[in-house]
Amino acid sequence: MRNPERFWDRIAKNYDKHSDKKRESLLATIEKIKRQLNPEARVLDFACGAGVIGASIAAGHPETEVTLLDNSALALEASEKTLLANHLSATIVASDGLAELEGSFDLIVSNPPIHAGVRTDSRLG
């Protein structure tokens, strides 16, 4: 490789383009969900990561019961900080899958792939 800096610059530009398209698509989907959501719905953000999707829904519908679920303590800590920083509330659940949940949900949202440390898992289920 003659000039590794130029190679990584090209990779970064392509990553940013892909990342921007994914972000735009995700934001459009969240806005559509918020417009169509029954305000009294129960919403689960499955494998919530930093809790941004659930927090966005909670911000748009304060009366909606939002639950953020992840099996990562780091992700749950980030979710709590996301909620606090935005003056929002939601239930935070530590669970590997759905085992720790009770009741049913009107909507389950997720933004795969799922990350487990440095490993990425594209499978759900």
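1. Strand 1, helix 2 and strand 2 form a right-handed β-α-β unit, where right-handed means that, with the strands pointing away from the viewer, the path from the first strand over the helix to the second runs clockwise. Helices (H or I, at least four residues) and strands (E, at least two) are DSSP runs, numbered from the N terminus.

2. This is a predicted model, in which local features need pLDDT of at least 70 and side-chain atom pairs count only at pLDDT 80 or more, whereas totals for chains, interfaces and linings use all residues. Residues are numbered from 1 along each chain as its sequence is written, and side-chain values use heavy atoms, with hydrogens and water left out.

3. Strand 1 (residues 42-46) runs parallel to strand 2 and is joined to it by 5 bridges; two strands pair if DSSP finds at least two bridges between them. Phe46 has Leu69 of strand 2 as its bridge partner. Strand 1 is also joined by 3 bridges to strand 4 (residues 107-109), again in parallel, and here Asp45 is partnered with Val109.

4. Ser79 lies in helix 3 (residues 73-85) and is buried, with a relative accessible area of 0% (buried means under 20%, with a 1.4 Å probe and protein chains only).

How values were computed
Buried < 20%, exposed > 50% of the residue type's maximum accessible area, 1.4 Å probe, protein only.
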